[in-house]
Each structure stands twice: as structure tokens, then as C-alpha cells.
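Me: I'd like to learn how to read a structure like this one. Could you take me through it feature by feature?

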Amino acid sequence: MRGGLFVFALCATSTGLFGQQTDSSTTRAVVPGVTHRRIVINSGPFRINVLEVDLRQPGVVIRAVRANDKFFGRETVSSMVQRYAGPGRVAGAINGDFFHIRAESENENNLIIEGALIKGVRFTDSPYDRFDAVHSQFAVDSANHPFIDRFMFAGEAILSRSRSIRIDRLNSIPPANGLVLYTSAFGDSEPRDSIGRHPLSLPLERVGQRGDTLIFRVAGGLTTNDPVSLRRGAALAAEGISRADLREIARSGRAVRIVVGLVPVRARLRTVMGGWPRLINHGKSVLDSAERLEGTTPSFSRDRHPRTAIGFSRDSTRLFLVTVDGRSESASGMSLPELTKFMLDLGVYEGMNFDGGGSTAMVVDGKLINSPSDKTGERKVGSGLLVIVPNLR
């Protein structure tokens with residue numbers, strides 16, 4: 001064991017969390033402020049891993065990460081941990097947001113990594129939603145204060161004191177009528193047309209920044225042909241009636257000031273990672289409203305699946321990362337009501353669900369410690385959430 005870390009176990013003697021007999025519960029301190037707990041309840045059967053993080057511990061950082069640090073693609077959580085290059089080191093990690101498994105593995109929700117807004121949408125980019133829904137998202141600010149909210153993207157291009165134009169999305173395919181800003185975080189160029197549409201595009205060159213305002217100048221003419229390169233800064237793309245707005249920006253001949261962010265406005269957010277749906281609000285289950293607010297289906301909530309979830313305590317100082325194994329004889333997975341009950345018993349005051357099923361994975365101290373349900377082993381996923389701690393001396 002490193003640095004005086006300890007291990008202790010409780011075995012098959014008591015009724016504990018979840019109101020059922022706990023057949024075994026093993027707890028160990030990974031590093032100061034980070035504790036791993038494995039719980040086995042044979043009557044489920046449930047195989048649960050919980051990583052508890054003290055957010056007051058100096059040097060602890062909760063960081064979102066994309067697969068291979070790119071906008072598109074997939075990677076295992078184990079690989080994300082292995083290639084992390086600091087500062088600090090990864091004490092633990094779980095898989096994150098739902099992603100388009102057939103569409104280059106793009107995250108479905110807003111995404112902030114180390115304070116930079118990587119993707120911004122007003123409504124969640126999910127192919128399964130029955131209506132324009134806003135899914136819950138987990139966030140942490142620069143002071144390590146956690147939040148769960150249904151954040152929405154807000155952006156505008158400011159042409160003058162009296163004239164601004166709404167930007168509908170950041171680094172996401174334009175809606176039928178909308179204006180999108182693409183930045184270098186998306187890749188080397190705008191997306192190529194794959195659905196028969198040809199957005200009107202305008203290249204921009206970044207020339208500065210004042211606070212939250214990005215300053216660009218027009219760096220070329222309007223085009224509907226090849227995708228615009230993003231290496232010099234950014235591009236605006238428009239569909240439908242928003243093409244008239246983009247032509248106005250191109251004709252302005254001035255610097256274009258662009259402001260992007262998320263609402264509701266919180267303190268400066270360092271991390272944002274989406275999921276679906278919120279489970280707990282102010283210490284009470286809110287599953288009854290999940291279908292109405294976030295578009296969950298009865299079967300998704302009712303059926304048992306492997307699950308990944310996150311939550312925090314009433315005083316916002318303790319963060320809980322949870323995985324539940326499933327789809328095997330020894331591990332059934334959980335329904336969302338079962339998962340919610342377990343997290344409430346754990347002490348979660350605000351909690352939500354992340355991507356699950358074959359995506360569920362938890363890595364602790366560099367090792368995969370749960371049992372993924374895919375026959376091929378750990379699944380490559382679109383994103384992960386890392387718990388970073390200072391290097392041991």
C-alpha cells in the first residue's frame with residue numbers, strides 16, 4: 001500500500017445501504033480525500049463500486065476528457081487514464097456522457113473541458129428524444145463547487161451597440177434554420193455535408209479576446225462549397241432564414257465580437273458533462289418528472305441495466321461516482337428507481353445518471369475495477385470524467 005493507505009472489510013452481517021443485506025463491503029483509501037468502496041448484495045444480485053471524493057482536499061480536480069482529446073472518436077476509460085499527462089495524476093475515473101455510437105461518437109450534451117466550451121446546444125443532440133429536450137448536466141466550477149442543472153447554450157454575434165445576431169449552436173450541425181459557430185476545438189475544418197444540405201459558411205480569423213468576448217475579423221468570402229478551414233480561428237455556418245443574418249455579418253466590414261456561454265449562468269465553470277436524467281434534487285427523487293422534462297422512456301427507467309451515475313452531498317463537499325455492473329448471472333444491473341434509492345441511502349443530495357449499459361466503466365488507481373457487460377470487454381466511449389489528485393511525493 002502507498003503512503004499509509006488502509007483497507008478494511010465488512011462481511012455479510014448487516015442490513016446497510018439500499019435497505020438490503022450487504023453480503024460484503026470493502027473500503028479502501030486510494031489517496032487522501034479519495035475512497036473506493038465495493039458493495040456486493042447477492043439478493044439483487046448487485047455489484048456496486050463507489051468512488052467518494054472530498055472536494056475540499058487540496059489539489060483535487062474533476063476534469064472532463066474527450067476520447068483521444070478530439071471532438072470525434074471513441075476510447076476506453078482505461079486508455080484515457082493511461083495517457084493523461086498531468087499536472088497531477090488520475091486517482092479514479094468513470095465514463096461520461098451519452099454519445100452517437102453511429103455518428104462519429106459525438107457527445108449529446110454541452111461540454112466544457114478545463115474552462116473551455118467545446119460544444120454548445122440549446123437542446124440535447126440525442127437521436128432518441130421524442131421532443132426538443134434539455135438533459136441534465138453535471139458541472140464543477142473553479143472553486144470545486146458542484147452543480148447539476150439543465151444548461152442551455154447561449155451565444156450572439158455583436159455587430160454594433162444596437163445590433164446583435166443570435167448564434168444557435170457551437171460546434172454542432174446547423175438546425176434547419178440556425179447559425180452555428182465552429183472553432184478549432186471541432187477539428188481542422190467544418191463538417192462535410194452528409195445529409196444533402198449545403199450550409200452557407202463564412203471564415204473568421206481570431207484577433208483577440210476581452211473577458212468572455214471573442215474578437216474575430218472576416219477572413220474570406222461566403223461559400224457553400226468545400227468546408228471552411230478552422231486553423232485560423234473559426235467559421236460561421238447558416239441554414240434557412242439564418243443565411244440572411246450571415247450575409248449581414250459578411251457585409252459589415254467590421255470586427256465581429258462573439259460571446260458564447262451556458263445559461264443559467266453560474267460561477268466560472270471548469271467542467272460540464274451531460275447525462276440523462278436527473279435522479280435526485282434537494283434530497284428527493286425526481287424520477288416522476290424525468291419523462292416529462294427530459295424525455296426518458298418507461299422501459300429505460302424500469303428495466304435493469306449496468307449504470308453509471310454521479311452525485312454530491314448536501315453541503316457540496318463530497319462527490320460520489322457510482323457504477324453498477326449488470327447483464328450477468330452475478331450482477332443484474334439496476335432500474336433507475338433502484339439506483340436512485342441506493343444513491344439516497346449513500347447520502348446523495350443532488351444526483352444524475354450518466355451513460356450506462358456496455359459503456360459503464362470505473363478505473364481506480366489505474367485499474368479497471370468493475371466488470372463491463374460487453375463480451376469484448378471494456379467498451380470504447382466518447383468521454384470520461386477524471387478525478388485528478390497531486391502527485392505523491
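Me: In which sense do strand β3 (residues 34-41) and β4 pair, and over how many bridges?

Reply: Happy to start there. Strands of a sheet pair through backbone hydrogen bonds, either parallel or antiparallel. Two strands count as paired if DSSP finds at least two bridges between them. Strands themselves are DSSP runs of E, at least two residues long, and helices are runs of H or I, at least four long, both numbered from the N terminus. Here β3 and β4 are antiparallel, with eight bridges. As an example, I39 stands opposite I48 in β4. The two strands make a hairpin with four residues between them.

Me: Before we go on, what kind of model is this, and how are things numbered?

Reply: This is a predicted model, in which local features need pLDDT of at least 70 and side-chain atom pairs count only at pLDDT 80 or more, while totals for chains, interfaces and linings use all residues. Residues are numbered from 1 along each chain as its sequence is written, and side-chain values use heavy atoms, with hydrogens and water left out.

Me: What else does β4 pair with?

Reply: Strand β23 (residues 318-324) is also antiparallel to β4, joined to it by seven bridges. There, V53 has L319 as its bridge partner.

Me: Is strand β4 (residues 46-54) mostly buried or exposed?

Reply: Buried means under 20% relative accessible area, exposed means over 50%, and partly exposed lies in between, using a 1.4 Å probe and protein chains only. Eight of the nine residues of β4 are buried, so this strand is largely enclosed by the rest of the structure.

Me: How do I read a nonpolar core, and which residues touch the most other members of the largest one?

Reply: In soluble globular proteins, nonpolar side chains tend to be buried together. A nonpolar core is a set of buried Ala, Val, Leu, Ile, Met, Phe, Trp, Tyr and Cys residues joined through side-chain atoms within 4.5 Å. The largest one here has 37 residues, and V34, V53, I62, F138, L319, L321 and L385 touch the most other members. Strand β27 (residues 383-389) supplies the largest share, three residues. There is also a second, separate core of 28 residues, including I165, I167, L179 and L200.

Me: What does L321 contact?

Reply: Contact means heavy atoms within 4.5 Å. Leaving aside neighbours within four places in sequence, L321 contacts N49, V50, L51, V53, I94, A309, I310, M362 and V387.

Me: Where does A234 lie?

Reply: A234 belongs to strand β17 (residues 233-239). A234 is buried, with a relative accessible area of 0%. Not counting residues up to four places away in sequence, A234 touches L181, Y182, T183, L202, P203, L204, F216 and S229. A234 and E205 are 29 residues apart in sequence, yet their C-alpha atoms are 6.3 Å apart in space.

Me: Which residues of helix α5 (residues 336-346) are buried?

Reply: They are L336, E338, L339, T340, F342, M343 and L346. Just after α5, G347 takes a positive phi of about 110°.
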